[in-house]
Amino acid sequence: MVERLEADLVGPRAPDEVLESKPADVYVSGILWPKNTPIAPEEDEKLDASSGGDDGGEESADQAQAQSVAMRRPSTAGISFAVFAEKGADPSVNVSIHFATYSEVDGKWKRVQHVIDDVPVAMREGNESRNLTSGSVTWLRLHVRSVPFERGLLCTVTLVNDATPAEPNRAAIEKVTMFQVGFEIRPGKATKLISRPSRRSPVDADDWSSDLLYRDAREFAAGHTCSADWTESTADRTVALAVRTSWVPQAIVPAVSPDGHEVFRSLAGKDADVLSAAWLATAETPRLHAALVKLCSAYGKWIDLQAAGASGLTGKRAETAKAHLETAAGIRSRMAAGADFLKSNADAADAFRLANLVMDTQRQWSGNGALRWRPFQLGFLLLTLESAVRGDHPHRGIMDLLWFPTGGGKTEAYLGLIAFVSFYRRLSSNKPDDGAGVAVIMRYTLRLLTTQQFIRASAMICACEAVRRGAIPTSLSGKLGKEPFSIGLWVGEGATPNRRQAAFDSQRDTSKSSPRQLAACPACGKGLNYVQRRPTDPVHVMCETKDCLLSGPAPLPVWTVDQDIYEFCPTLLIGTVDKFAQIVRQEATANLFAVRAGMQPQLILQDELHLISGPLGTLSGLYETALDLILSTNGTRPKIIGSTATIRRAPEQVLALFDRDTCQFPPPGLDAGDSGFTVIDTDLSGRRYVGVTTAGRSAKFTLQAVTASLMQSAAAGLKPAERDFYWTLVAYFNSLRELGGALVLMQDDVYDTIGLISAARGGEAERRIKTVEELTSRRSQKDIRDMLDELKRRAGDDAAIDVVLATNMVSVGVDIERLGLMLVNGQPKTIAEYIQATSRVGRGNIPGLVVAVLNNGKPRDRSHYETFRTWHATLYREVEATSVTPFASRARDRALHAVLVAVIRHIVPGMLPRPVLDDDAVAEARDLIDRIAERAARVDPRETAVGDELRERLQKWIRRSPQEYWNRFAKDALLQGAEEAAAKRASGRNVGQAWPTPNTMRGVEPSVHYRLAEWLKAKTDAT
């Protein structure tokens, strides 16, 4: 497919081809036009569907694009590299150039190949130009610039089209335009092509860690207008044999093996198979402990191997390596302590066995066979299980962050931990039902991911309940109490009903949000029946399949209506971070947190931690202050677990969000490709990234050409066995505005270009685009669920989807193995987003193909294109640090009072139903204010006004004497919706005394555009 793409975009399709159309109308890239060739205004098309309206703070194409760059077509292309000459020798290189011109013959355009081999160039400090000729081409110039640096010379070689068209018309320009341009540089005598100096200077521990891990990553060339590629020497990796231009650069991000280093290969023995969940579920405690210790010892052996390999490091890298291995040794000790805890605590051992039983059961329900733990999954369980169930454990206040590449199995790791915590609460209580109620809270940022993970977690919880009911035989069923293990989906009313009446109404009105979030029984895979006979009844989910483990008179333990969740307090509560803004407004949320009413939730899981950043992260961190205090009223803070595949400077983010130290698992070793628990697997194909530039073209023209080539190649250029994996094109866009423009493109221009490509390839069968779908926030929850099912339809099915146009909603939660092809339109705003989005393809046993169309007029896109190979080799190092400032002044203005109201309402006795403060309540409120201020001082010592602002708020509360917390029709309410207040203000009405309070954490203010001025204008009035 990549070869066909390059032939379609750059050409030629045949060495001596004759084109019916002008070559610039056929080919998109690899072209050098005559100097100062303008892009006609009608060609400079933007992809935007419209120019009006705001797009959620996204910068528009006009804002991001440097217009002066995009106005003229490129006439130069070059590469920068570095050379070193042996002592006493003058550095030199040999340049080989190739390109083609097209001459018009009888209305057609005939290709003429040009090759200029081995042009010797002496690399001297300064600038030099020389003119080159090839046949009738006399207007070619080679420009060389060299400057010294500590290891040699930094050089740039540029090829320039100096032609002047005979006439100012299209045909004349076409005749002196160079196509399929490229050149290669090889070292001359006594000269070496060496790596360019790093553009990075380490400034903090994260930077030094990356410097160590990626010390073998070298950049030998960078492009200018084009991209660059090189051939490394196999004998000496510090030098290159050649550097060259590339118009369709490629890079492979290697696949990693979650099975870990070879030290873990010996764990599966005849008598003890520590990675088998079925074996762990039945092993007696002594054998269980011995097997788990064997896992810890294997990790210890890996640490010893790394220590031996670190002996050759010096300076700061040696210090960093020592710190890495000390951290790894601490992790190994914690894992061993977890194994010892299972040995010494019978309830913990039983809970661990049951957790393995249910994880193996739900795995077999899915049809994927028996569960075999990956070493990192089992290691993470051992690391976290004791601090998750013991409130007095010294690591209770540490956030354990599971860092693992996407698709590696993070979900199974923390589902196993959830099962362990859920069982241990009941087994360790005097009365099993004392451990009922909400045990674990799982939070996500996007509703798509929340729904997907709810489906996966439901299988585990249903297996827990099958064990409790005795449907899965175990001697411990009688010790698990009478209250069911259950799961609740707690998301916005746009996805699930808030009240039973709304759920009842949805039976007749399909436009309303529905409780039907689980379509199939986790055990038998058959359809489910949602039963609600009256508007006041809870919604029961029934499996009516005969002989199913979950069928019978008792419903499945699944709750998707808020009112039911508040009443039944499910064991596992899954929700979006937005929903936790309801702790201020909803009195019923107190039932979930069991303040002074039983066991509180012990474990909080925050998946996709990197998404909790920016404005969302700032407000989340503020509300987290309240939630942390509420869930700590029993004297112990909840354990917090996080997971991500892309994060940088995690300790700072975790401190700001959760006021906790961080432990990353697995910790890094000496090389980015080997952390012990994850290693690069050279036997797997990895994910191939391909870059395309818009240089000289409009973004719209380039996008449609790339799309048409990929879609036609999937239909006509692959073997039948490979076709399905690349049939559905996932097209990623950075904004809804651009996506809207592409929707029109797919139905018009792409269709026409496919016809041209099929004809140019000798009359291939032309692919017809039948189904173009959209995966964005504009789609309803039901639409998204249906589309995920439709995406599983294979090539050949008339209902198979041809193209999915998606925004960042696709970045998390889409896990469909048949998807192998993605087009990324423009560099996403963060590298983390780029990694997450592109990881949606190639998740099965197929090589994923990602084609990035990078806008030459946007400096960031252009930089990434010109250094395409370099930054893909160090992709995870490029992840940007996130910004979370929960106690910043504007954040305090918006929601600090909400924190105060939430903690007083939930923690101070008697304050839950009404905001009436007595002297005792005021005294407790002042104590809570001190605790909030102490947290703010730990998170951000510069924000010293938090305590004073809260005390002032409390005094206003006392003076106002409100009688209700939230009532839009009452004058004496304490709070009102921020949206309502904004509407009143916009209409000129009095906002009133009630405090405007966010009802969601996403209601951020719109972006403010600004311009820079050289000086301020003088005031002309007296103000």
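Start with helix α29, whose buried residues are Ala921, Val922, Ala925, Leu928, Ile929, Ile932, Arg935, Ala936 and Val939. Buried here means under 20% relative accessible area, exposed means over 50%, and partly exposed is in between, using a 1.4 Å probe and protein chains only. Helices (H or I, at least four residues) and strands (E, at least two) are DSSP runs, numbered from the N terminus. Before we go on, a word on the ground rules: this is a predicted model, where local features need pLDDT of at least 70 and side-chain atom pairs count only at pLDDT 80 or more, while totals for chains, interfaces and linings use all residues. Residues are numbered from 1 along each chain as its sequence is written, and side-chain values use heavy atoms, with hydrogens and water left out.

Now look down the axis of α29: the buried residues fall within an arc of 130°, so they line one face of the helix. That arc is taken from the directions from the helix axis to the C-beta atoms. Why can residues spaced out along a helix share a face? An α-helix has 3.6 residues a turn, so residues three or four places apart point the same way. The face turned away from the buried side of α29 carries the exposed residues Asp919 and Asp920. And what covers the buried residues? The cover includes α18 (614-630), α19 (650-658), α28 and α30 (946-960), where contact means heavy atoms within 4.5 Å. As for length, α29 runs over residues 919-939, and its 21 residues should span 30 Å at 1.5 Å a residue; the end C-alpha atoms are 31 Å apart, which agrees. The expected span is 1.5 Å times one less than the number of residues.

Of its 19 residues, 15 are buried, so α28 is largely enclosed by the rest of the structure. Helix α12 (residues 410-427) is enclosed too: 18 of its 18 residues are buried.

Next, the rings. A search of the whole structure finds 19 aromatic pairs. Rings of Phe, Tyr and Trp (its six-membered ring) pair if their centres lie within 6.5 Å; planes under 30 degrees apart count as stacked, over 60 as edge-to-face and the rest as tilted. Tyr689 and Tyr834 make a tilted pair, 5.6 Å centre to centre with 40° between the planes. Tyr689 belongs to strand β26 (residues 687-693) and Tyr834 to helix α25 (residues 831-838), so this pair ties together parts 145 residues apart in sequence. Tyr834 is buried, at a relative accessible area of 1%. Tyr834 also pairs with Trp871: the centres are 5.3 Å apart and the planes at 45°, so this pair is tilted. Trp871 sits in helix α27 (residues 868-873), 37 residues from Tyr834.

Finally, find Thr314 in the loop between α8 (285-309) and α9 (315-344). Is Thr314 buried or exposed? At 60% relative accessibility, Thr314 counts as exposed.
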